[in-house]
Amino acid sequence: MKHAETRGMRAKGTGLSQKLGTAKQSRCHGPQIVDHGVSFNLWAPTARSVELLELDQPPRSMPRDDDGWYQLLSQTARAGTRYQFRINEDLIVPDPASFFQPDDVGAPSELVDMATLRDSVLYPGRPWAEAVIYELHVGTFSEEGTYAGVERKLPYLRELGITAIELMPLNDVPGRHNWGYDGVLLNAPNARYGRPEDLKRLLRAAHALEIMVYLDVVYNHIGPQLNYLHSYAQSFFTERHTTGWGPAVNLEGQDGTFVREFLTENALMWLREYGFDGLRFDAVHASERHFLIELAETVRNELSGRHVHLMLENETNQAHLLERSQQGRAKYYDAQWGDDFHNALHVLLTGEDEGYYGAFADKPLEHLARSLTEGFAYHGQVFPLHGEPRGEPSAHLPPEATIVFAQNYDQIGNRAFGERVSKLVSPERLSQTLGARAAEPAYSIAFHGRRSGGGHTVPVLRGLKRGGCRTDTRGPRAVHQLQLDQHSGKAKA
């Protein structure tokens, strides 16, 4: 389907909070509050029958159209109503487009009036060049492990020099503890951290301090546990492609149209209803290129009045996704996380050469310099791990197209014992190496923070550019070695 056709289909029922006249007008995933009740919508093309199970109401059969949509207008449902669907008169499932799951992903969904979350005037954001990102996991960043716990520590982050926080995935997952990358219900923020209203309050508090908030999202696979989509929407997935995490999401053909709509609505929900300032897309090398471009174009067109930043994790170094217009603005995505820089720096610091570090162990300093001056270390050269060319030419891209970082959740979490770089090398060597890098051209750095029993050392590069240093809004330049005291919440030089 062409981009214009996709946007046209959304326009008929656009906006997760728009009031619709009748149930038949809505082709949006999830419940829509309309003039005379609530329109419940479920795309279940391989189900024989679907019933709406609304708390304290008898089961009601949902009519189906030719495209596999089951829809029913309920005049008894309202915000706070709990509901489920019964598939084929047997399997009871939550709404796959649920906006909140107060009792875990297998329990009833709760109807949320998304219009109450949207601000009349959204925070305009800050230019991408001002982004100094702090990556955090809501469940481990504070003692409370909640949105409120993050909100309490916002002044500390601002004092540290942070201008943006990136929340690891919030989509609901089974159980209490999870990184979020096996999300089952993409629209529902994890109830372990608080209610949707609590998440919205966190964003408003951050914006009041001029701190942007980004969200990590995963669109290349759906978590397997308590994922019922296979039972009624088998065509949500495809066997034409596979991923390292299970069946690939189907983004092609007529059925792929509805899947792309679902994922696009999800991205717009976070950016529009909650007011996030940008999204980080996980492992896009496992996604379809045409969908990535369609998604970015839709976001750019529909949210053109704000600074909305779109970031990639992309092992294949696809520079065309980072192209700029003649005016210097990102056509699709603002930046890619610089794994090449990280890997080369890690080898320099530790001497490790196992796994993907082996591709940088032959000449780490050269790889580091190239990633700093040309975006990627590998942009068309043969990658030793698989013996094939990797990446596209990237030297023409501006420096801000690469997010430079010394460590993040991915590189730490991939280690058997989760050691940070500060545990692998001496403080002196770490400080000297990062200090030397301050004289090299760079752009910015993001790092991962978490709760710990005592202080831990975090290297921070602030606002560097190729060809020289720039300062952030607080004034410090180059490299800072900070000791973070988790008990007092103070940063000590």
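**Figure 1. Salt bridges across the predicted model.** A search of the whole structure, which is a predicted model, finds 26 salt bridges. The protein chain that holds them has 493 residues, of which 59% are buried. Its secondary structure consists of 13 helices and 27 strands.

Figure 2. The closest N and O atoms of glutamate 197 and arginine 195 are 3.1 Å apart, and the two residues form a salt bridge. Glutamate 197 has a relative accessibility of 34% and therefore counts as partly exposed. Arginine 195, at 32% relative accessibility, is likewise classed as partly exposed. Both residues belong to a network of salt bridges that also includes Arg82, Asp103 and Glu110.

Figure 3. Why are arginine 201 and aspartate 198 separated by about one helical turn? The reason is that they stand three residues apart in helix 5, which covers residues 196-208. Arginine 201 counts as partly exposed because its relative accessibility is 42%. Aspartate 198 is also partly exposed, with a relative accessibility of 23%.

**Figure 4. A salt bridge between arginine 415 and glutamate 352.** The closest N and O atoms of this salt bridge are 2.9 Å apart. The pair links distant parts of the chain, as arginine 415 and glutamate 352 are 63 residues apart. Arginine 415 lies in the loop between helix 11 (409-413) and helix 12 (421-424), whereas glutamate 352 lies in the loop between helix 9 and helix 10. With a relative accessible area of 23%, glutamate 352 is partly exposed.

**Figure 5. The contact of helix 9 with helix 10.** Helix 9 comprises residues 339-350 and helix 10 comprises residues 364-374; their axes come within 8 Å and cross at roughly 150 degrees. Angles over 145 degrees count as roughly antiparallel, so helix 9 is roughly antiparallel to helix 10. The crossing of helix 9 past helix 10 is left-handed. Which residues of the two helices meet? Helix 9 contributes Asp340, Phe341, Ala344, Leu345, Val347 and Leu348, while helix 10 contributes Pro364, Leu365, His367, Leu368, Ser371 and Leu372. By type, the residues of this contact are nine nonpolar, two polar and one charged.

**Figure 6. The contact of helix 7 with helix 8.** The axes of helix 7 (residues 253-273) and helix 8 (residues 289-302) are 11 Å apart, and the helices pack at an angle of about 40 degrees. Helix 7 and helix 8 pass each other in a right-handed crossing. On the side of helix 7, the contact involves Arg260, Leu263, Thr264, Ala267, Leu268, Leu271 and Arg272. Their partners in helix 8 are His290, Phe291, Glu294, Leu295, Thr298, Val299 and Glu302. Seven nonpolar, three polar and four charged residues make up the contact of helix 7 with helix 8.

Note on methods:
Residues are numbered from 1 along each chain as its sequence is written. This is a predicted model: local features need pLDDT of at least 70, side-chain atom pairs count only at pLDDT 80 or more; totals for chains, interfaces and linings use all residues. Side-chain values use heavy atoms; hydrogens and water are left out. Axes are lines fitted to C-alpha atoms, for helices over the stretch in contact, and angles run from 0 to 180 degrees between N-to-C directions. Helices (H or I, at least four residues) and strands (E, at least two) are DSSP runs, numbered from the N terminus. Angles under 35 degrees count as roughly parallel, over 145 as roughly antiparallel, 65 to 115 as roughly perpendicular and the rest as oblique. A crossing is left-handed if the near helix is turned anticlockwise from the far one by less than a right angle, and right-handed if clockwise. Contact means heavy atoms within 4.5 Å. Ala, Val, Leu, Ile, Met, Phe, Trp, Tyr, Cys and Pro count as nonpolar, Asp, Glu, Lys and Arg as charged, and the others, Gly among them, as polar. A salt bridge is a side-chain nitrogen of Lys or Arg within 4 Å of a carboxyl oxygen of Asp or Glu. Buried means under 20% relative accessible area, exposed over 50%, partly exposed in between (1.4 Å probe, protein chains only).
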